Amino acid sequence: MFVIANFLVALAQILSAIFTIFWWLLLIRVLISWVNPDPFNVFVQFLYRITEPVLVPIRRFLPMMGPVDLSPLVAFFLIIFLRTFLIQTILDLAYSLR
C-alpha cells in the first residue's frame with residue numbers, strides 16, 4: 001500500500017504546484033489588465049489563452065458589476081479552496097494508507 005500512498009503524495013504535490021503556477025498567472029493577468037496591454041504581445045496572448053478557459057464559465061454565472069470583472073476574484077477563491085480541500089484530502093488519504 002505504500003506505493004499507492006507515495007503516488008498520492010506525489011499527485012498532491014504536483015496539483016499544488018499547478019494551482020500555485022495558475023494562481024500567479026492569474027495574478028499577472030489581473031495586474032497587466034490595469035495597464036492597457038498590447039493584445040499582439042506573445043506573453044499577453046499566452047496569459048489570455050491559459051486563464052480564459054477558467055474565467056469564461058465564472059463570467060456566465062457572475063453578473064458584470066459595471067466595468068469591474070470579478071471573475072478573477074472568484075477564480076482566486078476557487079484555487080484557494082481546491083488547494084486547501086482537494087490537496088489536503090489526497091494527502092490525508094495517502095497518510096492513512098501507510
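Predicted model: local features only at pLDDT ≥ 70, side-chain atom pairs only at ≥ 80, totals over all residues.
Residues are numbered from 1 along each chain as its sequence is written, and side-chain values use heavy atoms, with hydrogens and water left out.

Helices here are DSSP runs of H or I with at least four residues, numbered from the N terminus. Helix α1 covers residues 2-33 and α3 covers 71-97, with α2 at residues 42-61. The expected span of a helix is 1.5 Å times one less than its number of residues. For the 32 residues of α1 this gives 46 Å, and the end C-alpha atoms are 46 Å apart, which agrees. The 20 residues of α2 should span 28 Å, and its end C-alpha atoms are 29 Å apart, which agrees.

In α2 the bend is about 50° at Glu 52, and the proline Pro 53 follows within four residues. In α3 the bend is about 25° at Leu 82. At the start of α2, a side-chain oxygen of Asn 41 comes to within 2.9 Å of the backbone nitrogen of Phe 43.

In α2 they are Val 44, Leu 47, Thr 51, Leu 55 and Ile 58. Several are three or four places apart in sequence; an α-helix has 3.6 residues a turn, so residues at that spacing point the same way. The cover over the buried residues of α2 includes α1 and α3. Buried residues of α1, among them Phe 19, Phe 22 and Leu 26, pack against α2 and α3. In α3 the buried set includes Phe 76, Ile 79 and Ile 90, and α1 and α2 are part of what covers it.

Thr 51, in helix α2, is buried because its relative accessible area is 0%. A polar atom of its side chain lies 2.6 Å from the backbone oxygen of Leu 47. Beyond its neighbours within four places in sequence, Thr 51 is in contact (heavy atoms within 4.5 Å) with Phe 22, Leu 25, Leu 26 and Arg 29. Leu 25 belongs to α1 and is buried at 15%. With residues up to four places away left out, Leu 25 touches Phe 46, Leu 47, Ile 50 and Thr 51. Ser 16 is also in α1; at 19% it counts as buried, and it touches Arg 83 and Ile 87 when residues up to four places away are not counted.

Of the 14 residues that line it, Val 30, Ser 33, Trp 34, Asp 69 and Pro 72 are the closest to its centre. A pocket is an open set of points on a 1 Å grid over the protein atoms alone where a 1.4 Å probe fits, with protein on both sides within 12 Å along at least five of seven lines; lining residues have an atom within 4 Å of a point.

Conventions: Helix = DSSP H or I, 4+ residues; strand = E, 2+ residues; numbered from the N terminus. Bend = angle between axes of the 7 residues up to and from the residue. Buried < 20%, exposed > 50% of the residue type's maximum accessible area, 1.4 Å probe, protein only. Polar contact = N/O pair within 3.5 Å; in protein donor to acceptor, adjacent residues only side chain to side chain.
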